[in-house]
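Good morning, colleagues. Please look at the display first.

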Amino acid sequence: MNIFKNLFDRCGDAVVIVNEQAGLTYANPSAWGLLGDPVMMLTATPGQAQGALWKKQQGRLIEQPRSLLQTVLAHQPGLSQDFLLQRSPAATWLAVTSQAFHLPSLDFHGWLLLMHEVSQSPDSSDSHSSLASRDVLTSLINRTILMERIQQALHQSPQTQQSGIAILCVDITRLKAINDTFGYLAGDRLLVEIVHRLSNSLRPTDTIARLGGDEFIVLVEDIATEAAAIAIAEALHAQMVSPFVINGCEINIGLNIGISLSHSQSLDADTLLRQADRAMAETKQHFGERHRIFAGELTATTEDALHLEMSLKQAIENGELYLEYQPMVLVRTQEIVGMESLVRWRHPEQGVLAPGQFIGIAERTGLIIPLGWWVLEESCRQLKAWQETIPQAQNLFVSVNMSSQQFAQPDVLDRIKAILQRTRLSPEFLKIEMTESVLIDNSESIIEILAAIRDLGIRLSVDDFGTGYSSLSYLHRFPVDTLKIDRSFLENADSDYEKLEILQSVVRLAWNLGLEVVAEGIETQKHLAQVQALRCESGQGFLFSPPLDQSAMAAILRSRSTAS
Ligand code: C2E
Ligand code: MG
Ligand code: MG
């Protein structure tokens, strides 16, 4: 089936689709790789199969009285189950998630099975820690483990004029454009391929980590000179010379590389990483420059940024931040169901600044953490106040953006609980928005945190969906309620037919996975028609209302209450 082929052929997870009669409709190449013969593996009982699948229950392996397929389909949908695939000479653990779904346009009822290998028994603490520390897509280590490795490296070898460590911050150009053009499944595939090539030019002792969508860090230990660090950057560039092939098209990828060196300076891991990042940002501003070593000198832009950084610190303390609220509506009736809170900064000299002008700085400096918690508390406080004074605000929710750095804090759950307690807002009226980078950065360890937040009764949204690097098969592992489709999809939907088609399939499957789909950036009647055709139930955008300050929002809510 073409639609499944388009969506899942290049997916790293094993994806199997069976019809209502439990007949195999589709298995992607990963499924063939993982299971051997999927039909055989799914339908055979242990006695029949050359290999056998065993299910784990209450800590013990039980012999399968039925086939994997029967067992999975009899189970509660959406829950992940663990199986042991016994095949001589080795055994593999599989995590299997099943979900019933229906594609009305094809009149197809079936089951989606998503499987991936778990390195050891799912109970083993060892496997947990190895998964928690890795990015699901590329299997590279994440920020936490990288920081430990850098610290270790700094500690182990003497930092002298002749010897130290180098950090290379590697940014991949055009990945977003490629995602926009070819879809994020192709983007995922490309990323894996890029990582493969980057690894080719590194030594086994070098470390490579993925920090965000298109940003990688290489740690090189025991490096003698700047020239040696540049040689490594050149080797990375050389790996990108031959084009990548996506959907039959040849694509050239470039790198921007920023380098920092520890030599004879007493720098900590955090500073080295920040220096490499800053050097990388500077190469981007100088067209044609491929890499740069952090030199410490300040350019005009970094000076501006530093200035803003200093005043942002004070802004939080001086109460210069405030929130605007953008109504979120039911597309069919245009009835307001909630609102997204969006931060603004009333800068004493520069006037009102939009988040685009300072969220980046806040993220780089860690100021996003106090800023983010202030936004959450203020949003909850304001909604509670409206609920108490405006009858029609009683059932509205507020949707609040949270940064991945907040999710990485060990006490994230306690902080959320404390804010709900202080503001007395009932958790059912709170939604938390996060970008796909939250899922990528924190990898599997985030699942428990998200599940705990949801257990409190709070709903979770993935913001700007489609601009990052997750695919649906990756998303199903995370306990989220809503996908907010990025507005770039609406902007280009007219001209980019392939994108619209992929979007349609994703929306349908998301639906069948029980996710709500929200459209952002509905500006025109045409957008609205597109959103309706996609069967998104709710959305936000200038067509309904721009973000409003507190008093304008209150006025809208009041007029709504008198009208009904
Ligand atoms: P977002 O979360 O995707 O928020 C939606 C953005 O789209 C808002 O921009 C909103 O004003 C804008 N928008 C809404 N409707 C339309 C439309 O019809 N057309 C167009 N072209 N734009 C529309 P804003 O307020 O500038 O925020 C930009 C981004 O800054 C947000 O994107 C979010 O990622 C970030 N941000 C805003 N407030 C916070 C915050 O409190 N914490 C964090 N961590 N990030 C925030
Ligand atoms: Mg948002
Ligand atoms: Mg968004």
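**Helix packing and nonpolar cores**

I begin with a helix pair: from H6, the residues Arg143, Leu146, Met147, Ile150, Gln151 and Leu154 make contact with Ala269, Asp270, Leu272 and Leu273 of H10. Please bear in mind that this is a predicted model. At what angle do helix H6 and helix H10 pack? The angle between H6, residues 143–156, and H10, residues 269–285, is about 110 degrees, and their axes are 9 Å apart. H6 is therefore roughly perpendicular to H10, since angles of 65 to 115 degrees fall in that class. The crossing of the two helices is right-handed.

I turn now to the nonpolar cores. The largest one has 90 residues, and the members touching the most others are Phe8, Met339, Trp386, Phe407, Ile416, Leu430 and Ile432. Helix H13, residues 368–389, supplies the largest share of this core, namely nine residues. Domain 1 (2–132) and domain 3 (316–559) each contribute at least three residues to this core. Apart from this core lies another, of 34 residues, including Val170, Ile194, Ile223 and Phe244.

Leaving aside residues up to four places away in sequence, its contacts include Tyr325, Pro327, Leu383, Trp386, Phe397 and Met553.

Finally, Thr423. This residue lies in helix H15, residues 412–423. Is Thr423 buried or exposed? Thr423 has a relative accessible area of 7% and is therefore buried. Beyond residues up to four places away in sequence, Thr423 touches Glu377, Cys380, Arg381 and Lys384.

Conventions:
Residues are numbered from 1 along each chain as its sequence is written. Chains are lettered from A and ligands numbered from 1 in the order in which they are written. This is a predicted model: local features need pLDDT of at least 70, side-chain atom pairs count only at pLDDT 80 or more; totals for chains, interfaces and linings use all residues. Side-chain values use heavy atoms; hydrogens and water are left out. A nonpolar core is a set of buried Ala, Val, Leu, Ile, Met, Phe, Trp, Tyr and Cys residues joined through side-chain atoms within 4.5 Å. Buried means under 20% relative accessible area, exposed over 50%, partly exposed in between (1.4 Å probe, protein chains only). Helices (H or I, at least four residues) and strands (E, at least two) are DSSP runs, numbered from the N terminus. Domain bounds come from an automatic or database domain assignment. Contact means heavy atoms within 4.5 Å. Axes are lines fitted to C-alpha atoms, for helices over the stretch in contact, and angles run from 0 to 180 degrees between N-to-C directions. Angles under 35 degrees count as roughly parallel, over 145 as roughly antiparallel, 65 to 115 as roughly perpendicular and the rest as oblique. A crossing is left-handed if the near helix is turned anticlockwise from the far one by less than a right angle, and right-handed if clockwise.
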